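The sequence and structure are shown first.

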Amino acid sequence: MPEDLIDPPDDDLPWGTDYKDDPIYVGDEVVQVESWLVRLEDATDFLVWYGQRVNTED
């Protein structure tokens, strides 16, 4: 693997995007849920956005 791919020349560039298309930078705390990247502080909002209500009475 070429050295330029292992250590990118500019660490100030975003590493990727989260489920809201906000940039994720190196060092941000994120988790991967299926194919979505989610910031830890947005985890509750993501679960409400992604999840489905379930009727537990049935």
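## The loop between β1 and β2

Asp21 lies in the loop that joins β1 (16-17) to β2 (23-24); strands (E, at least two residues) and helices (H or I, at least four) are DSSP runs, numbered from the N terminus. Asp21 has a positive phi near 65° although it is not a glycine. Most residues other than glycine have a negative phi. With a relative accessible area of 59%, Asp21 is exposed (over 50%, whereas buried means under 20% and partly exposed lies in between, with a 1.4 Å probe and protein chains only).

## Basis of the model

The model is predicted, with pLDDT of at least 70 required for local features and 80 or more for side-chain atom pairs, while totals for chains, interfaces and linings use all residues. Residues are numbered from 1 along each chain as its sequence is written, and side-chain values use heavy atoms, leaving out hydrogens and water.

Strands β3 (residues 30-33) and β4 (residues 36-39) are paired in the antiparallel sense over four bridges; pairing requires at least two bridges found by DSSP between two strands. Val30 has Arg39 as its bridge partner in β4. Two residues separate the strands of this hairpin.

Glu34 belongs to the loop between β3 and β4 and has a positive phi near 55°, again in a residue other than glycine. Glu34 is exposed because its relative accessibility is 60%. Ser35 is also placed in the loop between β3 and β4, and its relative accessibility of 63% makes it exposed. The C-alpha atom of Ser35 is 9.3 Å from that of Tyr19, a residue 16 positions away along the chain.
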